[in-house]
Amino acid sequence: MPTGGKMEHHSPIPNRLKQVRLNIGISQKELGIRAGIDEFSASPRINHYEKGRHLPDYSMMERIADALGVPVPYFYTQDDNLAGLILQWGRMSEVQRRTLLEELKTSANAGSRP
């Protein structure tokens, strides 16, 4: 823990961004272009995002997430388990999502009974 008793929190965006980009096998330049960044600055901008030098604003994060095919919240959660759930959620149909939510509600309510 750093001095002063405060925990330091780092954005999960850089690591998650790089991980997804590499998993789908595209370059920084290609991702930038797909997200609507000018081709001459696409690679440097994505590089800065992946290094954590700069973080994209929410609008840019929406475009990047769309280009990568993952839900935006995936990039913001610190919790790796929740990130995994968000990825799965993004792959589900609307019917599957509603079914899962009902199952979770039922399970949570059953666990809270005396």
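1. Let's start with a term: two residues are in contact when they have heavy atoms within 4.5 Å. This is a predicted model, where local features need pLDDT of at least 70, side-chain atom pairs count only at pLDDT 80 or more, and totals for chains, interfaces and linings use all residues. Residues are numbered from 1 along each chain as its sequence is written, and side-chain values use heavy atoms, with hydrogens and water left out.

2. Now look at Arg-16. Beyond its neighbours within four places in sequence, Arg-16 is in contact with Tyr-74, Phe-75, Thr-77, Gln-78, Asp-79, Asp-80 and Ala-83. With Asp-80, the Arg-16 side chain forms a side-chain polar contact of 3.1 Å (a pair of N or O atoms within 3.5 Å; within protein, one must be able to donate a hydrogen and the other to accept it, and residues adjacent in sequence count only if both atoms are side-chain atoms).

3. Is Arg-16 buried or exposed? Arg-16 counts as buried because its relative accessibility is 7%; buried means under 20% relative accessible area, exposed over 50%, and partly exposed in between, with a 1.4 Å probe and protein chains only.

4. Arg-16 sits in helix α1, residues 13–24. The protein has six helices and zero strands (DSSP runs numbered from the N terminus: H or I, at least four residues, for helices; E, at least two, for strands).

5. Helix α4 (residues 58–68) has these buried residues: Met-60, Met-61, Ile-64, Ala-65, Ala-67 and Leu-68. They lie on the same side of α4 because they cover an arc of only 160° around the axis, taken from the directions from the helix axis to the C-beta atoms. Their cover includes α1, α2 (28–34) and α3 (39–51).
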